[in-house]
Amino acid sequence: MRAQFVLSEIGVGLRRNLTMTFAVIVSVALSLALFGGALLMSQQVNTMKDFWYDKVNVSIFLCNKNDATTNRSSCGKGAVTDQQKQQIQADLKKMSIVETVHYETAEQAYKLYKEQYGDTAIAATITPDQMQESYRVKLKDPEKYQVVASAFADREGVHQVRDQRDILENLFSLMNAMRVAALVVMALMLVIAMMLIVNTVRVSAFSRRRETGIMRLVGSSSFYIQMPFIMEAAFAGLLGGAVACGFLLLGRYFLIDNGLALADKVQLIEFIGWDAVFTKLPLVLAIGLLMPAIAASLALRKYLKV
Amino acid sequence: MIRFDNVSKSYPKQNRPALRDVSLDIEKGEFVFLVGSSGSGKSTFLRLILREERASTGLVHVLGKDLARLSNWKVPHMRRQLGTVFQDFRLLPNKTVAENVAFAQEVIGKPRGEIRKAVPQVLDLVGLGGKEDRMPGELSGGEQQRVAIARAFVNRPMLLIADEPTGNLDPQTSVGIMKLLDRINRTGTTVVMATHDQNIVDQMRKRVIELEKGRLVRDQARGVYGYQH
C-alpha cells in the first residue's frame, strides 16, 4: 500500500465533495456530542447518587400539639409524649439496618429552616412551635427505607415517615429523561449522518468510476479500490468526532467552571470532573472513525463494482 | 494460455445465448483476431477471459486457471497478468501521459523505484518518448491509444486483450497501432484482438476466429477477415 498515493486520492475526494464532507462532519459532530453528553449526564447522575445517598436520611417526623387537629389518626392524642419518643429511639437502635439515629428538636428544625429560607415571606410566618421534632435515621442500605416506614408510620406519636431520597429521585428522573432525549436525538442525527455518508460515497463512486474501472482492469485488489472511499468517510467522521470532543470540553468548561459556573452557584451538588470528560473522548473519536467507515463500506457494496 | 471447453453464456432476460458451445485453444505467444458482426458474442468472449462474467456452462481456463473455481479475491491477481486496451482508450483526462501509465502500477502497489524505471521504458517502446508530461487531451487519437497500450503493457502481462483498438482511428494510424501490437506480440505476449477492420486482418495474416450469433463458425490459421461483407 503506497501511503502517499492513497492520501492524495483521499484529499482529492474530500475536496471534490466539499459541501457533502462538511455536512457529514457537522452531523457526525452533533450526534457524537449528544452521545458524549448523554454519557456524561448519566455519570453525573451516578456521582450525585453516590454523593447524596451518603447524606440523606429517613426522617421520622413526630406529632406536635398542632397536629392533633389534623385528621392523622396517629396524632389524635396531641403531641408526642416522652415515653413514645424513648420507645421509638429504642426500637430504632434495635434494628440492624439502622446505622445512626439523630434526634432533632423543633428548635433546631426551626433554625435550619430559617437558614434555608432566610428572610422570605414564608419564613416570617413560621414559629418554632409549628416545627416538628424528628428522628433523622441513617440506614446502612438506603434502599431499605420501606422497612423503617412500615415499622413506624402508624405508630402513636409519629406524624409521618419520609424518605429524603424521594425528593432526589425527582431530580434524577428529570436528568435521566434529559439523557434519554439526548440519546434519541443522537440516534436520529446518527441516521442522518449515515445517510449522508452513503450518499457521499455514491456520488464519489460515480465521479471516480473511470479510475475504479481502470483499477479493476489492471488487477487492483478490492481493498485497494475501496480504501480511498472508506478513508474519506473515516477521515470526515474523525473530524466530526474531534469537533464533538471540542463541544464536550467546552460544555464542561462553560457549564460548570466558567460561564454559567454551576459549580460556584450550586454548591450542594458534586459535579463530574475533567477526568470524566477526558475518559469519554477516545470512545467518541473511535465511534466517529468507525461508524462512517462501516457505513461507507456498506454503501460501496451497492455502488461500486469490484 | 486460453482454453474454452463447450462454453455457453446466457444473460438473464435474453432468449438467445450470447455464446453457444464454444471450444477452442489459444497457445502462448499467438496473435489471434476475433471477428464477427455486432452481437455475435465477441464482447462476451472477451469478458469471459477477463472474468467480468462467468460461463453459464462449460469451462474457461486462462493462464492455466479454471475461472469458475477462481475465488473472487484472487481475480485481481489473475488480472495483473492481463493487459486490456479498448476502443475508447479509457485514459484519465486529469493525469499526464506518464501518470496515466504509472497509475496502473501504483494501484497494484508496485514500489516507486520500479515505477520510475518502467514508465519511461514502456513509453519509449510505444513511441511516445518525450511526451511524458502531455495531457491526454493534447494528443491525437493514435497517440492516446499508444498511451493506453503502454498502460496495459507496463506490468508485462502474459496476455493482451484488445477490444477494437483501432475502431476510432483512421487507417494510417491503425497501421501504426497494429505494428505496435505486433511488436508486443513478438516479445512473447499473447494478443487477442476483437476487430471489425477488414484491411488489418487481411494484411496481418494471423489466426482468425469468427463468431456468428454466439457460435464459433471459423477458426483459421493465417486467415482473412471473411468472404462476404
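Reply: A:L298 is partly exposed, because 14 other C-beta atoms lie within 10 Å (a residue is buried with 20 or more other C-beta atoms within 10 Å of its own, exposed with 12 or fewer, and partly exposed in between, C-beta atoms being placed from the backbone). The model is predicted: local features need pLDDT of at least 70, side-chain atom pairs count only at pLDDT 80 or more, and totals for chains, interfaces and linings use all residues. Residues are numbered from 1 along each chain as its sequence is written, while chains are lettered from A and ligands numbered from 1 in the order in which they are written.

A:L298 sits in helix α11 of chain A, residues 274-303 (helices are DSSP runs of H or I with at least four residues, strands are runs of E with at least two, and both are numbered from the N terminus). From A:L298 to A:V198 the separation is 100 residues in sequence and 8.1 Å in space, C-alpha to C-alpha.

Chain A is assigned domain 1 (2-52 + 169-303) and domain 2 (57-163), with bounds that come from an automatic or database domain assignment. Between the C-alpha centres of these two domains of chain A lie 52 Å.

Next, the interface. In chain A, 14 residues are in contact with 14 residues of chain B (contact requires C-beta atoms, placed from the backbone, within 7 Å). Helix α8 of chain A, residues 209-218, gives the most to the side of chain A that touches chain B, namely seven residues. By class, that side of chain A has seven nonpolar, four polar and three charged residues; Ala, Val, Leu, Ile, Met, Phe, Trp, Tyr, Cys and Pro count as nonpolar, Asp, Glu, Lys and Arg as charged, and the others, Gly among them, as polar.

Chain B has seven helices and ten strands. Its C-alpha trace spans about 50 × 40 × 35 Å along the principal axes. Of the 229 residues in chain B, 42% are buried.

The largest nonpolar core has 70 residues, and B:L34, B:V101 and B:V191 are among those with the most contacts inside it (such a core is a set of buried Ala, Val, Leu, Ile, Met, Phe, Trp, Tyr and Cys residues joined through C-beta atoms within 7 Å). A second, separate core of 43 residues includes A:I10, A:V28, A:L190 and A:I287.

Methods: Two residues are in contact if their C-beta atoms, placed from the backbone, lie within 7 Å.
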